[in-house]
Amino acid sequence: MELSSSNQAVLVGLAPEIGRALTRASSARGARVTAPGDRGGSAPDLFVIGVAEPQPAADFADIDPTTWWADVERRLSALFDRAQAAGRDLAAGGGGRIVLVVDARGLAGAAGATADATVGSAAIALTKSLARELGPAGVAVNAVAVSAPPQEGFTEPTPDEIAETIAFLADPRLPSLTGQILPCTGGTVRTRG
């Protein structure tokens, strides 16, 4: 499975272990991984943007609202900036793919993680909206929802498994695969079609 048709991917905001696994997977497929803004060679046609940035658990009743909103705004602002830049670059270049790596708690919520679930939900809604908006420009947008932290009794996905899930959503041979959220959670989150 290829990661992109021009074999150039930009990874930004990923957890280090996921970034390393995805870089290994990309290299094994002959893809070149670059940093944002690095234009040495062909234009990228894949952006993988990390959104999951779990915070310590906190009871909602005890959270300072100013701190909560500042955390949510900071993370969503970073997502906005990264997604907007990727969408502009890909649309100008004739198309490509964006894969967001989001917190799976955005799918089902979680006690003690309201900010994480809120950011995850917003990233999921943005994925679906951008798939519709950027689709006419040839840009597919999908997301991998990863679990954090692991739950007892479930197998936590490895960074390599997450990288393979990203690679599936990044495959240019699947142009109609867009607007999808694929849980990579070891079964902690289940969705219905």
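Strands here are DSSP runs of E with at least two residues, helices are runs of H or I with at least four, and both are numbered from the N terminus.

A word on the source. This is a predicted model, where local features need pLDDT of at least 70, side-chain atom pairs count only at pLDDT 80 or more, and totals for chains, interfaces and linings use all residues. Residues are numbered from 1 along each chain as its sequence is written, and side-chain values use heavy atoms, with hydrogens and water left out.

Back to the strands. Strand 1 (residues 8-12) and strand 3 (residues 46-50) run parallel, joined by four bridges. Two strands pair if DSSP finds at least two bridges between them.

Six strands make an open sheet, ordered 2-1-3-4-5-6, with parallel pairing. Strand 2 (32-34) and strand 6 (181-184) each have a single partner strand, so one side of each has no neighbour in the sheet. On average, neighbouring strands are turned by 20° against each other, direction ignored.

Next, a helix. Helix 1 (residues 16-28) lies across strands 1, 2 and 3. Helix 1 runs at about 175° to strand 1. Contact means heavy atoms within 4.5 Å. Axes are lines fitted to C-alpha atoms, for helices over the stretch in contact, and angles run from 0 to 180 degrees between N-to-C directions.

Last, two tryptophans. W68 is buried, at 13% relative accessibility. W69 is exposed, at 56%. The cut-offs, with a 1.4 Å probe and protein chains only: buried is under 20% relative accessible area, exposed over 50%, partly exposed in between.
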